[in-house]
Amino acid sequence: MNDKTLLVGPQLVGDVGGTNARFAVARMVDGKPVLDHHESFPAETYPTFLEGVAAFIDGCEVKPTGGVIAVAGPVTDGAIDLTNSPWQVSEAELQTLGLKPVKLINDFEALAWGAPIVPEDQLESLGGPVDGDPHCTVAVLGPGTGFGVSALVRDAAGKEMAMPSEGGHACFPPRRSGRG
């Protein structure tokens, strides 16, 4: 949900995987996002995704008015059926909690959007030049509920698009060509 709009009012942000759910409230301070009211709990604490989000919001002194939740698995038509978890939810259901607008995105899509702002001292070069072309595509790979894969595609005009993937759920069965 990187349309370069500024946060208006407190926003729910979340990272929900197959085993843990993490939530916070984001607000803008001096042009930068600040996270308050952090909470993390095992996903099994609540029978449904909606109950987990509702419990978090109920505990907030300042209620979020919208939000973005990154989830482990593909988001299809604004809905998620979490990988390795019985939790399911849709953006429409989340709106019943007063979150308007609210967006569900793939967790590695969120990482792709964040990749350009990772502090340099937290990066490690895997080879080639340390400073790459600022317009090139950025790959994001890592462990999570599965093996996450995404990319941030950028062009010379400054346009960016995050490309979520479920690469960890793909098969690559190489075999020797020919007979025998």
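Strands (E, at least two residues) and helices (H or I, at least four) are DSSP runs, numbered from the N terminus. This is a predicted model, in which local features need pLDDT of at least 70, side-chain atom pairs count only at pLDDT 80 or more, and totals for chains, interfaces and linings use all residues. Residues are numbered from 1 along each chain as its sequence is written, and side-chain values use heavy atoms, with hydrogens and water left out.

**Cores.** A nonpolar core joins buried Ala, Val, Leu, Ile, Met, Phe, Trp, Tyr and Cys residues through side-chain atoms within 4.5 Å. Buried means under 20% relative accessible area, exposed over 50%, and partly exposed in between (1.4 Å probe, protein chains only). The largest core has 23 residues, and V16, F23, F49, V53, I69 and L94 touch the most other members. Several elements each supply at least two of its residues, including β1 (11-16) and β8 (102-106). Helix α1 gives the largest share, four residues. Contact means heavy atoms within 4.5 Å. V53 touches L12, F23, I69, L94, L97 and L99, leaving aside residues up to four places away in sequence. A second, separate core of six residues includes F108, V140, L152 and A162.

The side chain of N106 reaches the backbone nitrogen of F108 at 2.8 Å. N106 also touches A70, V71, G73, P74, V75, P164, S165 and E166, not counting residues up to four places away in sequence.

Technical notes
Polar contact = N/O pair within 3.5 Å; in protein donor to acceptor, adjacent residues only side chain to side chain.
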